[in-house]
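Student: Please take me closely through one part of this predicted model. I would like to see what surrounds it.

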Amino acid sequence: MRDVNVTFACPACEHAQRLDVSAATKALPCPNCGQEIQISPGSLEGERLRRCLVCQSPDLFVRKDFPQRVGVGLVVVALLASMIAWLQYRIYLAFGILAATALVDVLLYFSMGEALVCYRCSAAYRFVEDKEEHRPFDLSTHEKYRQEAARLSTKRST
């Protein structure tokens, strides 16, 4: 049985943390500022995550565990390379570059694992069982938490 891996930003100092936690873990310590985030009972049952360990939100979504910036960078490089080939009237090369990029994308999609991500605090959880309990990204739920964060920041600044 493997521990659940969590990546999160400390709510106090916003320092990025990556920890392995189990059902016996009672708190998430921050080595940067010393604050401990208490884990409420029932949040993690074995390797099943019921709610976010950092902010206690029940709203989590499933996504591919792949850096989005790397994916976008791959597409941009392929687009630029195919445009250069197109401008040199090397049409087959241009389409070959795009086809190869699509193939790499499909291979990465099927080879990469999945992670659970919290809508509220963006904590990412790896090696979690029963991800099927959680749905893929939902824009309306994301917008609800984005609006909540905007209201809270407005109240703090006044």
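**A close look at strand S7**

Tutor: Start with strand S7, residues 60-64, which pairs with strand S8, residues 114-118. The two run in the antiparallel sense, over 5 bridges. Find Leu60 in the view. Its bridge partner in S8 is Cys118.

Now look for another neighbour of S7. Strand S10, residues 135-136, pairs with S7 in the parallel sense. That pairing has 2 bridges. Here Val62 stands opposite Pro136.

Keep a general rule in mind. In a regular strand, side chains alternate between the two faces of the sheet.

Next, the packing. The largest nonpolar core holds 20 residues, and Leu28 and Tyr125 touch the most other members. S7 and S8 each supply at least two residues of this core, as do strand S1 (4-9) and strand S2 (16-21). The largest share, 3 residues, comes from S1. A second, separate core has 5 residues, among them Phe61, Tyr119, Ala124 and Tyr145.

Last, the open space. The largest pocket holds about 290 Å³. Its lining has 13 residues, and Lys64 and Phe66 are among those nearest the centre. S7 gives two or more residues to this lining, and so do helix H1 (68-87) and helix H2 (91-111). By type, the lining splits into 7 nonpolar, 3 polar and 3 charged residues.

How values were computed. Residues are numbered from 1 along each chain as its sequence is written. This is a predicted model: local features need pLDDT of at least 70, side-chain atom pairs count only at pLDDT 80 or more; totals for chains, interfaces and linings use all residues. Side-chain values use heavy atoms; hydrogens and water are left out. Two strands pair if DSSP finds at least two bridges between them. Helices (H or I, at least four residues) and strands (E, at least two) are DSSP runs, numbered from the N terminus. A nonpolar core is a set of buried Ala, Val, Leu, Ile, Met, Phe, Trp, Tyr and Cys residues joined through side-chain atoms within 4.5 Å. Buried means under 20% relative accessible area, exposed over 50%, partly exposed in between (1.4 Å probe, protein chains only). On a 1 Å grid over the protein atoms alone, a cavity is a set of points where a 1.4 Å probe fits but cannot get out, and a pocket is an open set with protein on both sides within 12 Å along at least five of seven lines; lining residues have an atom within 4 Å of a point. Grid points are joined across faces, edges and corners, and a volume is the space filled by probe spheres set on the points. Ala, Val, Leu, Ile, Met, Phe, Trp, Tyr, Cys and Pro count as nonpolar, Asp, Glu, Lys and Arg as charged, and the others, Gly among them, as polar.
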